[in-house]
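Here is a briefing on one protein chain. Look over the model first, then read the notes grouped by topic.

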Amino acid sequence: MVVRNGQDQQTKGIPIGSDTSYAIAELIMSEIDEKLVSKIGNNYHRYIDDFEFGCKTLQEAEEILSVLQEVLSSYELELNSSKTKITKLPEEIDPQWLHELQKYNINMSTDAVQKRSLLSFFDLTMNFLEKEPSEPILKYAVIRTSSHIVRANNYPLFQRILLQWATADPSTLPIIIDFIAFYKSAGVNVDLAEVKRTLQFIIIENCRQGHTSEVCWSIFGMILLSQSFDDEALSELKKVENPFIALLTLDARNRGLISSSYNFPLWESLMNKNELKTENWILAYEALRKGWLPSVDGSDYLIDVEGFSTLADNDVEFYSTDLIDQHDPKTNYSYFNRLSAEELRYFVHRDVPLIRLPF
């Protein structure tokens, strides 16, 4: 219950994300292992919260599935039905979509050839997604394109593809935002208005659905690309009680991407020392320390709370604006990262293929 409260009631399973999640998961799952072994024996494999059982018959598989759900329920956990299945062996090791996308050749020889390759790759990806909507096809497709430099003339097409994928599967946002920032830094004419519309659409839709991670990444993208926020997006953001969404939005306001006169009454009401004992503690601490929001009563309540006063005195911060300022979109992609600025400009802007690189 403590874990779930810390995640805005968003999980019926094991939390993911920080390293502490693995420790929490293992504590719980070890007890579940003991109960399972006592009921069905140890003929199974578990990796974190993924189980794989070997059964001789369909009836045995169904019985084990029932026992597993019973044991999980005693810990207020549930099986993810979309990821739970009984499969007859032998089966393929990797799905067909992965094989096909892996071997697809995104031809880079000329602008026209690359354009056709990108369109065909997009069509192939969407065809597989229609057949297997629960598979991480879009995320793989996005990463797959990182091994190629898209030419400047083809970038508008590439951006439209990326933004369609981001809208269809917002979990791709961390990668797509990096790609767009990467090409912008390379001097490509990025359609920032189109990016802004897409990110704000994702913000609005996911605020309404309570999907905080997608909202956070969209706000991060808006900040990274220096895009101002429209009233419709702000009207949804200010309704959300989530400290990370609040801090990112307040950071955007501090950077001038939101009018300094725009107020956030919900978050302002959380600026008191009592909130330091709740899941909103990071907002109550950071927003006051950074001067982004005043306390409800005008006091500096951090000096009155043991532990937090020590953190403040030692300039400890949990939200660093410097990390956004220093963010390098090339860092996570070795193919991009190994290019110098001169080489990057060459690959992005060259109009004709060369047999040998000019450096």
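Among contacts between residues at least 6 apart in sequence, what share joins residues at least 24 apart? The share is 65%, where a contact means heavy atoms within 4.5 Å. This is a predicted model, so local features need pLDDT of at least 70 and side-chain atom pairs count only at pLDDT 80 or more, while totals for chains, interfaces and linings use all residues. Residues are numbered from 1 along each chain as its sequence is written, and side-chain values use heavy atoms, with hydrogens and water left out.

**Overall make-up**

- The chain holds 18 helices and 2 strands; these are DSSP runs numbered from the N terminus, with helices being H or I of at least four residues and strands E of at least two.
- Of the 359 residues, 41% count as buried (buried is under 20% relative accessible area, exposed over 50%, partly exposed in between, with a 1.4 Å probe and protein chains only).
- The accessible surface comes to about 20,100 Å², and 50% of that belongs to carbon and sulfur atoms (Shrake-Rupley method, 1.4 Å probe; for residues, only the protein chains shown count as cover).

**Salt bridges**

- The structure holds 16 salt bridges, each a side-chain nitrogen of Lys or Arg within 4 Å of a carboxyl oxygen of Asp or Glu.
- D230 pairs with K196, with the closest N and O atoms 3.4 Å apart.
- This pair links distant parts of the chain, 34 residues apart: D230 sits in the loop between helix 10 (212-224) and helix 11 (231-237), K196 in helix 9.
- K196 is buried at 15% relative accessibility, whereas D230 is partly exposed at 37%.
- Beyond residues up to four places away in sequence, K196 touches M222, Q227, S228 and D230.
- Further along helix 9 (residues 192-209), E205 and R208 form a salt bridge at 3.6 Å, N to O.
- E205 and R208 are 3 residues apart in the helix, so about one helical turn separates them.
- E286 and R289 also meet in a salt bridge, at 3.9 Å, N to O.
- They too are 3 residues apart, in helix 14 (residues 281-289), and so about one helical turn apart.
- E286 is buried at 0% relative accessible area, while R289 is partly exposed at 28%.
- Shared partners join E286, R289, K290, D315 and E317 into one salt-bridge network.

- D315 lies in the loop between helix 15 (308-313) and helix 16 (321-325) and is exposed at 57%.
- E76 also has a positive phi, about 60 degrees, without being a glycine.
- E76 is in the loop between helix 3 and helix 4 (96-103) and is partly exposed at 46%.

**Surface patch**

- L58, L65 and I86 make a nonpolar surface patch of about 250 Å².
- Patch residues have over 30% relative accessible area and no salt bridge; like charges are joined within 9 Å, and nonpolar side chains (Val, Leu, Ile, Met, Phe, Trp, Tyr) within 5 Å.
- L58 lies in helix 3 (residues 58-73) and is exposed at 54%.
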